Amino acid sequence: MIAAGSRELRDDQVVFAGLGIPQLAVSLAQRTHAPRLRVLNEIGLVDPHLIELGVGNADPRHWYRATTFTSFLDVVGMLLHRGVVDVGFLGALEIDQYGNNNASEVARDGGGIRRFGGGGGANDIASHAKATMAIIRHERRKLVEQLVHNTSPGYLDGGDSRKRAGLPGGGPHRVITDKAVFGFDEETHRMKLLSVHPGVTHEDLRESTGFPLDIPSDLALTPPPSEEEVRLIREELDPNKMYVSAF
Amino acid sequence: MAGHGRVQEDANNKVVSLADAAALVHDGDTVALSGFACTRNAIAFSHELIRQGRRDLTLSACVFGMDADLLVGAGAVSRLIYGGGSLDRYGAIQCVNRAYEQKKLVAEYYSSLGVTFRYLAGALGIPFMPMKSMLGSDLLKRIKEETGPDNVREMDDPFTGEHLLLVKALQPDVAVLQVQMSDAEGNARVYGPRWENVEATRAAKKVIVVTEDLVPVDIIRQQPELTVVPGFRVDAVVHVPYGAHPTSLYKCYDHDEDHLKLYVGKARTEAGVAEYIDEFIVKPGSHMGYLEKVGGLATLSALKADPILGY
């Protein structure tokens with residue numbers, strides 16, 4: 001997932017990437033094909049270069065060697081809302097087939113809801129980034145037909161409904177799971193499979209996806225990470241497996 | 001003229017005790033908190049609000065941390081205006097989430113930029129800010145239908161016809177700002193990123209600064225670009241050490257991993273958080289009592305920040 005995320009990034013892009021897999025994908029891209037990638041953080045940071053993984057965006061370990069210490073209004077307002085952010089990474093509790101994203105709460109088995117912390121700037125990223133990439137574990141209860149809470153809109157009901165709602169950003173570009181990589185149909189804006197990771201069967205994909213899935217018979221295999229990518233992740237970017245082990 | 005600066009400083013001296021500053025917050029007030037997840041939380045100040053038994057507060061912030069979680073856990077809060085919150089990798093804001101699930105408070109839940117824009121309008125003294133976040137989302141749907149129908153409107157831009165969301169100005173009764181350095185008037189310096197501190201303090205009716213270091217104004221004048229709130233906008237200055245513990249204060253001290261883990265364990269249940277509040281907030285009776293309770297100098301000096309790294 002880290003390597004698949006990294007490969008979607010281009011040099012000179014301006015990227016919003018939170019803690020965990022997105023942060024590692026960005027760091028990997030910076031160490032390989034995109035050294036001039038600029039990272040923003042909603043807390044008010046531009047282009048930090050950390051030497052030690054911390055516990056979150058609010059951990060000063062993640063502020064190390066930034067070029068700018070500024071404000072939420074500057075980064076999320078005057079850069080993101082202004083429309084200059086190329087890619088925003090999003091985590092998700094649930095995603096539906098139009099890339100709508102729940103970052104708020106899920107249904108409890110016995111009824112009621114289980115509340116998570118809330119999306120923070122996730123809705124702002126989904127609303128304004130030129131493209132978003134979501135990273136999610138591939139499970140039936142996570143890739144769902146109907147979200148409990150549409151915190152961060154993707155293509156809403158598909159077609160041109162996102163545009164009609166007045167949302168300026170480009171919407172979802174990729175959904176990367178531990179089993180596959182998805183893109184979106186240009187007309188219907190439904191999620192579509194682009195590649196399946198080596199070792200994952202089509203049957204497995206169908207069973208672990210909560211909405212109907214078209215699986216083309218000639219579906220490509222996701223290229224596995226190179227030896228150098230694996231080495232960078234294991235030895236340099238996350239040597240203590242703080243985040244890699246989470247998936 | 002020798003001594004001139006000192007005379008001026010004395011005339012503008014707003015330094016008061018933690019207890020006197022907390023007494024500026026009244027039951028039912030809206031309080032803007034200054035922390036972000038695990039960093040620069042107004043912990044000492046929140047403890048004192050709990051000791052004084054404040055009730056029916058509205059708390060606002062882009063991203064809540066442990067101070068909000070404690071105040072909710074203590075039953076001091078009836079309303080939230082926020083975008084999210086966490087204790088970073090240590091865990092969720094469990095008291096806030098539990099109160100939300102059990103509908104024990106009204107949670108006006110925005111995108112974090114939505115909260116910032118409400119402060120910004122309040123800070124500028126204009127009635128609302130137009131924005132293009134939250135359109136089409138369930139965030140907006142719930143605010144419109146349930147939690148804050150008077151605080152949002154939708155309209156078309158009179159110039160271009162584009163669809164817009166308007167968020168209403170928010171002017172909190174009090175903004176609490178935990179900082180690294182301030183002078184006695186309240187010219188307060190923040191090291192590191194400032195998230196929504198500038199907009200929140202400008203929007204607020206009263207500003208309370210809690211500072212690690214209290215310095216003469218001449219120190220502030222040496223690097224005025226680091227000042228985030230002008231002293232004349234500040235109502236009270238509180239000088240206490242480790243006022244953000246167990247969250248971090250950049251360039252002063254790191255977060256306290258052991259204590260955060262202890263808190264997260266306790267906050268899993270209502271009974272646990274009540275025990276925590278009794279043991280660490282009520283029984284110690286003061287901020288100095290709390291600092292002794294969490295381990296005193298042995299614990300605190302181990303958290304001191306490295307001057308190069310800042311943590």
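Trainee: What pLDDT does chain B average?

Mentor: pLDDT is the predictor's confidence in each residue, from 0 to 100. Chain B averages 96, and 97% of the residues score at least 70. Over residues 1–5 of chain B the pLDDT is below 50, and this stretch has 2 contacts beyond near neighbours in sequence; a contact needs C-beta atoms, placed from the backbone, within 7 Å. Where pLDDT is low, the predicted coordinates should not be read in detail. This is a predicted model, in which local features need pLDDT of at least 70, side-chain atom pairs count only at pLDDT 80 or more, and totals for chains, interfaces and linings use all residues. Residues are numbered from 1 along each chain as its sequence is written, and chains are lettered from A in the order in which they are written.

Trainee: Which ipTM and pTM does the predictor give the complex?

Mentor: Both the ipTM and the pTM are 0.96.

Trainee: How many residues of chain A are in contact with chain B?

Mentor: 44 residues of chain A are in contact with 48 of chain B. α3(A) gives the most to the chain A side, with 5 residues; helices (H or I, at least four residues) and strands (E, at least two) are DSSP runs, numbered from the N terminus.

Trainee: In what order do the strands of the open sheet in chain A run?

Mentor: Strands of a sheet pair through backbone hydrogen bonds, either parallel or antiparallel. Here the order is β4-β3-β2-β1-β5-β10-β11-β12-β13-β14, with mixed pairing; two strands pair if DSSP finds at least two bridges between them. β4 (68–69) and β14 (220–221) of chain A each have a single partner strand, so one side of each is left without a neighbour in the sheet.

Trainee: In which sense do β5 and β10 of chain A pair?

Mentor: Parallel, over 4 bridges. A:Phe89 has A:Met133 in β10(A) as its bridge partner.
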